[in-house]
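Hi everyone, thanks for making time this morning. Please have a look at the structure on the screen, and I'll talk you through it.

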Amino acid sequence: SLASAVLADLYASDYQFGYDLRPNGLEESLPLANHAVSLNPGCQFAYWALALNYFLRQDLYSFRRAASRIIPLNPANTYALTGCGLLVGMAENLSEGLSIIKKAVQLNPNLPSWHHIIPFMAHYNEGNYDAALTEALHINTPDCFWDSMLRAAVYGRLGMREEGLAALQELMRLQPSFVEHNHVLLQSLLFSEQHVDAVRAGLVAAGLKGL
């Protein structure tokens, strides 16, 4: 079950990060995640892989069902808590996602740096761009375009032109097809059109053309 779930997660993540190493990865991922759940309904990572699949497919009903099973299977798994907080925050409610991540931080202060994405988005949507920038600067995923994308967006909102252009250059280095596929790539993290439009506006303000 765990092996199947991990493979499902790898295929789904390949799609989410826009690597395209496996062209049909997302289509192959869902059967693997369902297989993992069928082999062991007590496997927490199997439900994570399933929830991620439905998140990427914009299937909110199925996402809710899968995500609701993740935390109860092991509330002390802070990686699962953090991942669930990220997906729930984007797909459902930023406040709910933030609450989940705060519980994870209480259990483990050394979480992956991407746990700052939800507080970033909460501040960004409220127009608290200085606070959003503080969160963005704590995200340390140098090989993933999310890092530079979010920094560029908030730099754009703050009118920090030089910093914004530098972040955009890094974004385009990491994801050269970002402009062409921006909606899919934005949606793969941000889920809702509200979040997508808000971050896209920040990128345009930073100087990204063609969006």
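Let me begin with a term: by a salt bridge I mean a side-chain nitrogen of Lys or Arg within 4 Å of a carboxyl oxygen of Asp or Glu. Please also keep in mind that this is a predicted model.

With that term in hand, let's go to a pair. Glu 92 and Arg 64 form a salt bridge, and their closest N and O atoms are 2.8 Å apart. Glu 92 sits in the loop between H5 and helix H6, while Arg 64 belongs to helix H4, so this pair ties together parts that are 28 residues apart in sequence. How accessible are the two partners? Glu 92 has 33% relative accessibility, so it counts as partly exposed. Arg 64 is partly exposed too, with a relative accessible area of 44%. As background, side chains of opposite charge can pair when their charged atoms come close.

How many salt bridges does a search of the whole structure find? It finds five. Another one of them joins the side chains of Arg 22 and Glu 28, at 2.8 Å from N to O. Arg 22 is partly exposed at 35% relative accessibility, and Glu 28 is partly exposed at 28%.

Then there is Glu 170 with Arg 173, whose side chains meet at 2.7 Å, N to O. Both of these residues lie in helix H10, residues 161–174, three residues apart, or about one turn of the helix. In general, an α-helix has 3.6 residues a turn, so residues three or four places apart point the same way. Glu 170 counts as partly exposed at 26% relative accessibility, whereas Arg 173 is exposed, with a relative accessible area of 54%.

The 14 residues of H4, numbers 60–73, should span 20 Å at 1.5 Å a residue, and the end C-alpha atoms are 21 Å apart, which agrees. Which residues of H4 are buried? They are Ser 62, Phe 63, Ala 66, Ala 67 and Ile 70. These cover an arc of only 120° around the axis, which puts them on the same side of H4. What covers them includes helix H3 and H5. On the face turned away from that buried side, you'll find the exposed residues Tyr 61, Arg 65 and Pro 72.

H5 itself covers residues 78–91, and Thr 78 is part of it. Thr 78 counts as buried, at 13% relative accessibility. Leaving out residues up to four places away in sequence, Thr 78 touches Ala 104, Leu 107, Asn 108 and Leu 111.

On to the nonpolar core. The largest one has 72 residues, and the members touching the most others are Met 90, Met 149, Val 199 and Leu 203. Helix H3 gives this core its largest share, ten residues. Beyond its neighbours within four places in sequence, Leu 203 has contacts that include Met 149, Leu 168, Phe 178 and Leu 211. In soluble globular proteins, nonpolar side chains tend to be buried together.

Finally, let's zoom out. The protein has twelve helices and zero strands. Its radius of gyration is 17 Å, close to the 17 Å that the globule rule gives for 211 residues, so the protein is as compact as a globular protein of that length. Of those 211 residues, 52% count as buried. And among contacts between residues at least 6 apart in sequence, 61% join residues at least 24 apart.

Thanks, everyone!

Notes
Residues are numbered from 1 along each chain as its sequence is written. This is a predicted model: local features need pLDDT of at least 70, side-chain atom pairs count only at pLDDT 80 or more; totals for chains, interfaces and linings use all residues. Side-chain values use heavy atoms; hydrogens and water are left out. Helices (H or I, at least four residues) and strands (E, at least two) are DSSP runs, numbered from the N terminus. Buried means under 20% relative accessible area, exposed over 50%, partly exposed in between (1.4 Å probe, protein chains only). Contact means heavy atoms within 4.5 Å. The expected span of a helix is 1.5 Å times one less than its number of residues. The arc is that of the directions from the helix axis to the C-beta atoms. A nonpolar core is a set of buried Ala, Val, Leu, Ile, Met, Phe, Trp, Tyr and Cys residues joined through side-chain atoms within 4.5 Å. The radius of gyration is taken over C-alpha atoms; the globule rule is 2.2 Å times the number of residues to the power 0.38.
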